[in-house]
Structures are given as structure tokens and as C-alpha cells.
Amino acid sequence: IQSKELVTVFYTDYGQRGLVEMGHLRSMGYEERMMPVELREVVFLMPNSNGELKAVRSELGQERNLKEGRLLMRVDKISPKKHQREVAEIQVSFWSAVHAGSDVGFRLSRIC
């Protein structure tokens with residue numbers, strides 16, 4: 001809350017913050033709150049060695065993951081930033097989804 005008339009909001013469709021007058025706020029329903037959010041920046045835990053990092057980069061860069069929609073990110077931790085105008089730090093892990101057969105669906109494998 002900036003004043004009695006202005007608040008800072010997070011625009012989920014743009015992935016950034018902005019100021020809005022109190023009279024223009026509305027409540028979001030459950031379905032709307034569960035919609036995907038566009039993020040411009042995420043962080044992940046670095047592997048322990050250069051060899052592991054090279055393997056991660058190789059897996060993330062494989063075109064088959066991008067073309068077939070098999071690369072996923074899972075939010076592991078959300079840490080608020082110190083300054084109110086900054087977006088929270090979103091820590092993620094990367095996963096690949098491998099089709100495991102029509103009856104089973106997909107098998108998830110953690111990349112990093």
C-alpha cells in the first residue's frame with residue numbers, strides 16, 4: 001500500500017509490478033488465481049561441478065524437449081525481494097516429461 005489511494009500490484013500477464021488506484025481493484029476468483037503466470041526471470045540451484053552443469057545445459061538445449069513440449073519448470077521456492085517494486089525471486093527446478101505409454105501417461109525426470 002503506497003497511500004490511502006494507491007497500491008502496488010503484480011500484473012500476472014506481464015510479470016511486473018505497477019501502481020493502481022484503490023477504486024480500480026477487484027477480487028480474483030479461484031480459477032483466475034490458478035491461471036499460469038508469465039515470468040521473465042527464474043533462478044535454479046547450480047550443479048556441483050562443471051561436468052554436471054554441461055550435462056544440464058545439454059539437456060535443456062535439446063530441441064526435442066522444446067518442440068514436443070517436454071521441458072517443464074516446477075516452482076520450488078518463492079523468496080520476496082527487499083524492495084517493494086521488485087518481483088519475488090522464483091527458484092525452479094527443470095524436468096523432462098517422457099511419454100511412458102498410452103495407459104501410463106508421462107514419466108517425469110528431474111534435469112536439475
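## The nonpolar core

The largest nonpolar core is made up of seven residues: Val56, Leu60, Ile90, Val92, Phe94, Ile111 and Cys112. Two elements, α2 and β4 (89-99), each give two or more residues to this core. Strand β4 supplies the largest share, three residues. In soluble globular proteins, nonpolar side chains tend to be buried together. The model described here is a predicted one.

## Overall arrangement

The protein contains three helices and five strands. Followed along the sequence, these elements occur in the pattern β-β-α-α-α-β-β-β. The protein has 112 residues, of which 19% count as buried.

Helix α2 spans residues 50-61, which makes 12 residues. From its first C-alpha to its last, α2 reaches 16 Å, close to the 16 Å expected at 1.5 Å a residue.

Which residues of α2 are buried? They are Leu53, Val56, Glu59 and Leu60. These residues lie on the same side of α2, because they cover an arc of only 125° around the axis. An α-helix has 3.6 residues a turn, so residues three or four places apart point the same way. The face of α2 turned away from the buried side carries the exposed residues Asn50, Gly51, Lys54 and Gly61. Among the buried residues of α2, Val56 and Leu60 also belong to the largest nonpolar core.

Strand β3 covers residues 71-79 and includes Leu72. The C-alpha atoms of Leu72 and Phe94 are 5.8 Å apart in space, although the two residues are 22 residues apart in sequence. Phe94 is a member of the largest nonpolar core. Leu72 has a relative accessibility of 36% and therefore counts as partly exposed, since a residue is buried under 20% and exposed over 50%.

Arg74 also lies in strand β3. With a relative accessible area of 44%, Arg74 is partly exposed.

Val42 is located in the loop between α1 (30-33) and α2. Its relative accessible area is 29%, so Val42 is partly exposed. How far apart in space are Val42 and Gln91, C-alpha to C-alpha? The distance is 5.9 Å, while in sequence Val42 and Gln91 are 49 residues apart.

Arg107 belongs to strand β5, which runs over residues 106-110. At 48% relative accessibility, Arg107 counts as partly exposed. The C-alpha atoms of Arg107 and Ser96 are separated by 8.2 Å, and the two residues are 11 residues apart along the chain.

## The largest pocket

Rolling a probe the size of a water molecule over the atoms shows where empty space is left. In this model, the largest pocket holds about 330 Å³ of space. It is lined by 11 residues, and the closest to its centre are Val9, Phe10, Tyr11, Arg26 and Met28.

Strand β1 (residues 6-11) provides the largest share of the lining, three residues. What kinds of residue form the lining of the largest pocket? Six are nonpolar, two are polar and three are charged.

Technical notes: Residues numbered from 1 in each chain as written. Predicted model: local features only at pLDDT ≥ 70, side-chain atom pairs only at ≥ 80, totals over all residues. Heavy atoms only, no water. 1 Å grid on protein atoms, 1.4 Å probe; cavity = no way out; pocket = protein on both sides within 12 Å on 5 of 7 lines; lining within 4 Å. Points joined across faces, edges and corners; volume = space filled by probe spheres on them. Helix = DSSP H or I, 4+ residues; strand = E, 2+ residues; numbered from the N terminus. Nonpolar A, V, L, I, M, F, W, Y, C, P; charged D, E, K, R; others polar. Expected span 1.5 Å × (residues − 1). Buried < 20%, exposed > 50% of the residue type's maximum accessible area, 1.4 Å probe, protein only. Arc of directions from axis to C-beta. Core = buried A, V, L, I, M, F, W, Y, C linked by side-chain atoms within 4.5 Å.
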